[in-house]
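Colleague: I'm new to this one and would like to go through it with you. Can I ask how you get from the numbers to the words?

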Amino acid sequence: MLVIGDYNWSTIPRERGILPRFIRYGSQCARRQGLRPIHDFPDLLIPEDEWKGRIQQATEHKVMPVFYFRDAGVLAKSQGRTNWCWAYGITSALESVQLVENQPHVRLAPATLGWTVGWHNVANWCSDAIAAVAERGVASSVYAKDGITNPKLFEKGWEEDARNYKLSEWFDVETHRTEKETVKQCVSLLLTGLPLYVAYNWWGHALAIIGIEWDEAEKYNLRWIGWNSHGDGEIVLTGSRGVPDEAYAPRSSTFSIAKDY
Amino acid sequence: MKYPFSFLWLFLSPLALAANPSTTDTGIILIGPTGPIEPGEYVQIFVEGVAEDQVQTTLVKYWPRTRTVIIPARLWTGETFILFTSKSPGEYIIQVIGAKNNTVRYAECIVTVGGEDPEPPNSPWQVVIVYQSDKMEELPYEQLLMLTSLSFRQRLLDAGHLLVKGGIVDRDIKDARGDIPTVLAPYLNVCSDDESFPRVCIAPISGGKVLDFPLPQTEKELMTLLQTTEGRE
């Protein structure tokens with residue numbers, strides 16, 4: 001399993017998948033997009049001295065999305081040579097929310113978000129990806145494979161299918177205070193059973209964070225469990241490398257009218 | 001009780017009685033109640049065919065033993081009997097085994113203890129938990145666990161219940177058409193906006209009316225609710 005920490009991050013190849021956030025935290029623009037500032041929910045935040053016990057409880061009770069992924073046997077995605085990590089990360093977050101809602105696992109096709117960037121193999125803002133998923137959704141992988149950018153290779157009906165898989169409401173993490181404050185917000189959200197859609201500026205990459213582990217050998221005593229899109233699935237980030245520069249937690253998804261109903 | 005008796009506790013007293021019905025091989029007869037008795041009711045099962053000098057070599061056995069009392073005794077007039085009672089409904093076998101002239105003697109009788117049929121196992125439920133996603137931070141931790149714990153869902157399944165697909169649902173959930181999902185509509189529709197959330201909505205797995213309750217504070221209380229609620233077909 002890939003482990004990225006402060007000791008080896010410089011050896012990790014840089015991606016070109018994300019553009020720096022421009023929507024101001026807590027602004028009307030952010031709120032209109034469904035990004036509710038986490039500080040609107042102060043009772044959600046868990047004090048640092050409770051993290052250890054709460055992480056142990058969450059692990060014992062299998063609360064975090066990582067357990068749902070493992071239980072469902074979710075397979076890793078591969079963005080291939082595309083710069084569309086911004087699509088793959090949010091898609092994994094959407095899949096995990098649906099599992100927590102006890103909806104059946106449906107593997108989704110991140111490539112069906114490519115309309116956001118005009119089907120060009122370029123980077124994107126996470127906020128634009130969030131808006132795209134809210135507006136049109138993500139189709140299932142029956143309609144499009146991983147790693148492609150050409151919609152002509154999609155199966156017909158993908159746009160209709162994508163309406164089944166949307167996210168409309170999010171918690172927004174404020175990452176412009178201290179690193180520790182960011183960690184606190186992220187930990188609190190993960191322990192509520194929510195995944196995080198995150199971006200790392202040092203990496204130029206977006207992915208989903210689906211769990212945390214307590215490890216007193218690491219900074220903040222945390223190991224961050226990510227779901228990556230390089231064909232690897234679970235990875236671990238430690239130290240400051242695990243603390244995201246942007247983080248969003250989806251709150252609820254559309255109810256899928258999948259064929260098995 | 002019909003006959004007066006002396007409390008001579010003769011645990012090993014050889015009593016052979018014929019009940020109705022009874023089976024005897026060698027002259028031991030058990031005479032007991034002709035119909036079912038009430039739980040906790042004391043009855044006498046009279047034993048005939050066992051002489052006083054055979055008491056020490058005659059055994060009394062019975063099954064089941066749980067919550068059952070057997071007291072061999074003798075009346076002042078000399079009749080021997082077995083005093084029987086049990087608090088649990090069911091069928092009980094009383095056996096008397098003796099020996100005479102190098103011959104094994106045996107008799108048994110069946111006593112039926114009546115009463116109401118045991119409660120049928122509670123029917124399993126289809127379960128939906130409805131919550132308000134913008135009030136998650138107000139949920140006590142134990143309730144949050146019921147919404148998010150994979151282990152809890154497995155325990156629910158192990159108990160025979162079914163968490164409906166999509167059954168951890170925000171009050172305002174919509175499907176791709178913007179409608180209330182058809183599968184969840186029966187559950188969401190019983191939840192009034194005037195009521196407190198989160199709520200647990202249940203329906204018999206075999207179908208029936210949907211019932212809704214405030215989500216109990218703990219998993220244990222929820223399981224108790226599921227076990228004790230009667231289904232309404």
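Colleague: Which residues of helix α4 (residues 219-228) of chain B are called buried, and what makes them so?

Modeller: This is a predicted model, to start with. Buried means under 20% relative accessible area, and in α4 of chain B the residues that count as buried are B:Glu219, B:Leu222, B:Met223, B:Leu225 and B:Leu226.

Colleague: Why do you put them on the same side of α4(B)?

Modeller: Because they cover an arc of only 155 degrees around the axis. On the other side of α4(B), B:Lys220 and B:Thr228 are exposed; the cut-off for that word is over 50%.

Colleague: What covers the buried residues of α4(B)?

Modeller: The cover includes the strands β9 (125-131), β11 (199-204) and β12 (211-214) of chain B, along with α1 and α2 of that chain.

Colleague: Over to chain A. Which residues are buried in helix α2 (residues 51-60), and why do you say they line one face?

Modeller: They are A:Trp51, A:Arg54, A:Ile55 and A:Ala58. Looking down the axis of α2(A), you find these buried residues within an arc of 100 degrees, so they line one face of the helix.

Colleague: What do they pack against?

Modeller: From chain A, α3 (65-72), α7 (179-190), β5 (205-214) and β6 (222-228); from chain B, α1. After α2(A) comes A:Lys62, with a positive phi near 55 degrees.

Colleague: How many residues does each chain bring to the contact, and what makes a residue count?

Modeller: Contact needs heavy atoms within 4.5 Å. Chain B brings 30 residues and chain A 35 residues. The area buried between the two chains is about 2600 Å², with 60% of it from carbon and sulfur atoms. On the chain B side, B:Glu137, B:Tyr141 and B:Leu150 lose the most area to chain A, together 24% of what that side buries.

Colleague: How many salt bridges cross the interface?

Modeller: The rule finds 0 between chain B and chain A. A pair would need a side-chain nitrogen of Lys or Arg within 4 Å of a carboxyl oxygen of Asp or Glu. Polar contacts, with a cut-off of 3.5 Å, are there: 15 residue pairs, both residues at pLDDT 80 or more.

Colleague: Which elements of chain B give two or more residues to that side?

Modeller: α1 (141-148), α2 (150-158) and β10 (162-170). The largest share, 7 residues, is from β10(B). By class, the side of chain B that touches chain A has 15 nonpolar, 6 polar and 9 charged residues.

Technical notes. Residues are numbered from 1 along each chain as its sequence is written. Chains are lettered from A and ligands numbered from 1 in the order in which they are written. This is a predicted model: local features need pLDDT of at least 70, side-chain atom pairs count only at pLDDT 80 or more; totals for chains, interfaces and linings use all residues. Side-chain values use heavy atoms; hydrogens and water are left out. Buried area is the accessible area (1.4 Å probe) that two parts lose on being put together, summed over both. A polar contact is a pair of N or O atoms within 3.5 Å; within protein, one must be able to donate a hydrogen and the other to accept it, and residues adjacent in sequence count only if both atoms are side-chain atoms. Helices (H or I, at least four residues) and strands (E, at least two) are DSSP runs, numbered from the N terminus. Ala, Val, Leu, Ile, Met, Phe, Trp, Tyr, Cys and Pro count as nonpolar, Asp, Glu, Lys and Arg as charged, and the others, Gly among them, as polar. Buried means under 20% relative accessible area, exposed over 50%, partly exposed in between (1.4 Å probe, protein chains only). The arc is that of the directions from the helix axis to the C-beta atoms.
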